[in-house]
Amino acid sequence: MKLNKDVRVAISGKSGCGNTTVSTLLSEKLGVKLINYTFRQLAAEKNLTLAQVIENAKTDDSYDIFVDNHQVELAKAEPCVLGSRLAVWMLKEADLKVYLFASDDTRAKRILNREGGDLQEIKNFTAMRDSEDSRRYLKLYQIDNNKYDFCEMIIDTADYNPEQIVGLIIEELKKRKLISE
């Protein structure tokens, strides 16, 4: 792939929609940096569990603000694929905004396959996480993360495998003359 400009693709979706997988594959295909700095990375850096970071973020806005601002700064610095919950809202400069979605059941089953555990516990945790994420994004940024109709591409990930989704995004980038082969 040849970039016709410094391309920045923003990819968002809720947990279990395939954001990380699709973002990783797309960055590899395009030969650009993947930026996917999330609560998961912050938890690892602070030697906390993901659940602890989510719990702390309920009362301490600095967790969200740091993660969100840090990833946007990284994305502005070079051509990239930014894959995060808020990428399509936060990276105003994105050349293409892609929202990935899947049903709650599909998402929970993917998380189960990735991390193991009990399906009902995963459904409960994911519902709690979605609710907390939505509450914080609205409070901090006035972003309703259930309203993504402004995105240029909205893809139901239950209909395609990750490679097919990347293919759809590549075709859209070619159509927009942002890349060529």
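In this predicted model, D64, I65 and D68 of helix α4 meet R136, Y137, L140 and Y141 of helix α7. By class, the contact of α4 with α7 is made up of four nonpolar and three charged residues, with no polar ones. The axes of these two helices come within 11 Å and cross at roughly 75°, and because angles from 65 to 115 degrees count as roughly perpendicular, α4 and α7 are therefore described as roughly perpendicular to each other.

- Not counting residues up to four places away in sequence, I65 touches L140 and Y141.
- Although I65 and L140 are 75 residues apart along the chain, their C-alpha atoms are separated by 8.1 Å.

**Helix α3 against helix α7**

- Helix α3 (residues 50–57) also packs with helix α7 (residues 119–141), their axes coming within 11 Å and crossing at roughly 35°.
- The crossing in which α3 passes α7 is left-handed.
- On the α3 side the contact is made by L50, A51, I54 and A57, while on the α7 side it is made by F125, M128, R129 and R136.
- Sorted by class, the residues of the contact of α3 with α7 are six nonpolar and two charged, with no polar residue.

**Helix α1 against helix α8**

- Helix α1 (residues 19–30) and helix α8 (residues 162–175) pack at an angle of about 50°, with their axes 9 Å apart, and α1 and α8 are therefore oblique to each other.
- The crossing of α1 and α8 is right-handed.
- From α1, the residues T21, V22, L25, L26, K29 and L30 meet P162, E163, I165, V166, I169, I170 and L173 from α8.
- The residues of this contact of α1 with α8 divide into ten nonpolar, one polar and two charged.

**The nonpolar cores**

- In soluble globular proteins, nonpolar side chains tend to be buried together.
- In this model the largest nonpolar core has 22 residues, and those with the most contacts inside it are V9, I11, L26, L30, V98, I169 and L173.
- At least two residues of this core are supplied by each of β2 (8–12), α1, β5 (96–101), β6 (153–156) and α8, and the largest share, five residues, comes from α8.
- V9, one of the residues with the most contacts inside the largest core, is in contact with L26, L30, C80, V81, L82, L96, V98 and L173 when its neighbours within four places in sequence are left aside.

- G83 is found in strand β4, which covers residues 80–83, and G83 is buried, with a relative accessible area of 0%.
- Leaving aside neighbours within four places in sequence, G83 is in contact with I11, S23, I35 and N36.
- G83 and I35 are 48 residues apart in sequence, yet they are 6.2 Å apart in space, taken from C-alpha to C-alpha.

**Positive phi values in two loop residues**

- Q142 has a phi near 60°, which is a positive value in a residue other than glycine.
- Q142 has its place in the loop between α7 and β6, and with a relative accessible area of 62% Q142 is exposed.
- K177 likewise has a positive phi, of about 60°, although K177 is not a glycine.
- K177 lies in the loop between α8 and β7 (179–180), and at 65% relative accessibility K177 counts as exposed.

- K175 has its place in helix α8, and because residues over 50% are called exposed, K175, at 61% relative accessibility, counts as exposed.
- K175 and G18 are 157 residues apart along the chain, and their C-alpha atoms are separated by 23 Å.

How values were computed. Residues are numbered from 1 along each chain as its sequence is written. This is a predicted model: local features need pLDDT of at least 70, side-chain atom pairs count only at pLDDT 80 or more; totals for chains, interfaces and linings use all residues. Side-chain values use heavy atoms; hydrogens and water are left out. Axes are lines fitted to C-alpha atoms, for helices over the stretch in contact, and angles run from 0 to 180 degrees between N-to-C directions. Helices (H or I, at least four residues) and strands (E, at least two) are DSSP runs, numbered from the N terminus. Angles under 35 degrees count as roughly parallel, over 145 as roughly antiparallel, 65 to 115 as roughly perpendicular and the rest as oblique. A crossing is left-handed if the near helix is turned anticlockwise from the far one by less than a right angle, and right-handed if clockwise. Contact means heavy atoms within 4.5 Å. Ala, Val, Leu, Ile, Met, Phe, Trp, Tyr, Cys and Pro count as nonpolar, Asp, Glu, Lys and Arg as charged, and the others, Gly among them, as polar. A nonpolar core is a set of buried Ala, Val, Leu, Ile, Met, Phe, Trp, Tyr and Cys residues joined through side-chain atoms within 4.5 Å. Buried means under 20% relative accessible area, exposed over 50%, partly exposed in between (1.4 Å probe, protein chains only).
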